[in-house]
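Q: I have a model open and would like to learn how to read it feature by feature. Could you walk me through it?

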Amino acid sequence: MIKLEKIISKLDEEFQVNVFGKDPAFSRFIPQVYDPIDFNWKSAFEKGFVSIFNGLMIKGAPNVHRVFLAVFPTDHVLKTFISTSNTGDLLFMHHPLLMECGDPQGEWGEGFVPIQEKYIEQIKEKQLSIYTCHIPMDCHKSLGTNAAIAKALNVASIYKNEGNEFILYGTINKTNTDQLMTNLLPIFDIPYVDFEGQKRENIEHVAIVAGCGDVVDWMKEAEQNGIQAYISGEIHCHIDNKYGKYKYNQMMEFAKDTKMSLIGVSHSASEYLAHRTVIKEWLEQHIPIQTVLIPQEKWWL
Ligand SMILES: [Zn+2]
Ligand SMILES: [Zn+2]
């Protein structure tokens, strides 16, 4: 059993949560999803959280037995956490909201989805805690979402794209597009990848962008930098609204002419990898505390 306070201060320090300040994404998306349904998120979530949108979101009992690790708060993840935890246990996620990005071989997604109020109530009744860490985790050099992918792919000589902390460039052992796509499936535990662009015989230089890599400017820049395969959570936006369709079309325009292989492994799986590997290890060694993984019921959603 470890004090919640101790875990939170270690996490805050490691991820420099306060140094990053307001999360540029969730400071917009949390009000955007909760305000229209009249949910008082400012009083439901911890004070610190509603000012910077990272860190301790719901505070439960003072002692933690186990830390549960998940990426998005899907109903399945929350139900599993609530039913299998003990009072005081902590759920550590990357996003405080579910993001439905759509399935390239199935339905388009809804975008950001609020946590159902009944789960927030059950979490509070059982005195459980939730901690989330978004941009500070994406940028972390060893526990980050990109860092975890680079590690799993044995990326050598990682070099940063100056001015963009969300992309890593690096080299892998010589491969081709088909082989690379096959190798990615078990790493992310996904049934298929999303693919656009050209299949290539020789791939050594890769770009890694966990989560939303469907940014045409980033892709163009990668290509100019000699990148042969662009690996991301999303190479396409499959969000079923005007914005999603606009981004989808923009990307398809680019895909017609690119010489790169563009490979998507799903937004959630691309970010869950960090929880499953580097963060799990770090918690077990540095806190140290027992961890429990809660994989999502489906990665392409
Ligand atoms: Zn991310
Ligand atoms: Zn994300």
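Q: Let's begin with a proline: in which loop is Pro-288 found?
A: Bear in mind that this is a predicted model. Pro-288 sits in the loop between helix 13 and strand 15. The peptide bond that joins Ile-287 to Pro-288 is cis, with omega about -20°.

Q: How do I read a helix, and which residues of helix 6 are buried?
A: The general idea comes from the helical repeat: an α-helix has 3.6 residues a turn, so residues three or four places apart point the same way. In helix 6 (residues 75-84), the buried residues are Val-77, Leu-78 and Phe-81. They lie on the same side of helix 6 because they cover an arc of only 95° around the axis. The face turned away from that buried side carries the exposed residues Ser-83 and Thr-84.

Q: Against which elements do the buried residues of helix 6 pack?
A: Their packing partners are strand 4 (66-69), strand 5 (90-93) and helix 7 (117-125). Two of these elements also pair with each other: strand 4 and strand 5 run parallel over 3 bridges, with Phe-68 opposite Leu-91 in strand 5. From strand 4 the chain crosses through helix 6 to strand 5, and this β-α-β crossover is right-handed. Strand 4 also pairs in the parallel sense with strand 15 (residues 290-293), over 4 bridges, and there Arg-66 stands opposite Gln-290.

Q: Now a strand: how many residues of strand 13 are buried?
A: In general, the side chains of a regular strand alternate between the two faces of the sheet. In strand 13 (residues 229-234), 6 of the 6 residues are buried, so this strand is largely enclosed by the rest of the structure.

Q: Which strands pair with strand 13?
A: Strand 12 (residues 203-212) pairs with strand 13 in the parallel sense over 5 bridges, and Ala-207 stands opposite Tyr-230. The chain goes from strand 12 through helix 11 (residues 216-224) to strand 13 in a right-handed β-α-β crossover. Strand 14 (residues 261-264) pairs with strand 13 as well, parallel over 4 bridges; Ser-261 is the bridge partner of Ala-229. Strand 13, helix 12 (residues 242-257) and strand 14 form a right-handed β-α-β unit.

Q: Stepping back, into which domains is the chain divided?
A: The chain is divided into domain 1 (2-138 + 269-293) and domain 2 (145-267), with C-alpha centres 26 Å apart. Across the boundary, 19 residues of domain 1 are in contact with 28 residues of domain 2. Helix 13 (267-286) gives the largest share of the domain 1 side, 7 residues. By class, that side has 9 nonpolar, 6 polar and 4 charged residues.

Technical notes
Residues are numbered from 1 along each chain as its sequence is written. Chains are lettered from A and ligands numbered from 1 in the order in which they are written. This is a predicted model: local features need pLDDT of at least 70, side-chain atom pairs count only at pLDDT 80 or more; totals for chains, interfaces and linings use all residues. A residue is buried if 20 or more other C-beta atoms lie within 10 Å of its own, exposed if 12 or fewer, and partly exposed in between; C-beta atoms are placed from the backbone. Helices (H or I, at least four residues) and strands (E, at least two) are DSSP runs, numbered from the N terminus. The arc is that of the directions from the helix axis to the C-beta atoms. Two residues are in contact if their C-beta atoms, placed from the backbone, lie within 7 Å. Domain bounds come from an automatic or database domain assignment. Ala, Val, Leu, Ile, Met, Phe, Trp, Tyr, Cys and Pro count as nonpolar, Asp, Glu, Lys and Arg as charged, and the others, Gly among them, as polar. Two strands pair if DSSP finds at least two bridges between them. A crossover is right-handed if, with the strands pointing away from the viewer, the path from the first strand over the helix to the second runs clockwise.
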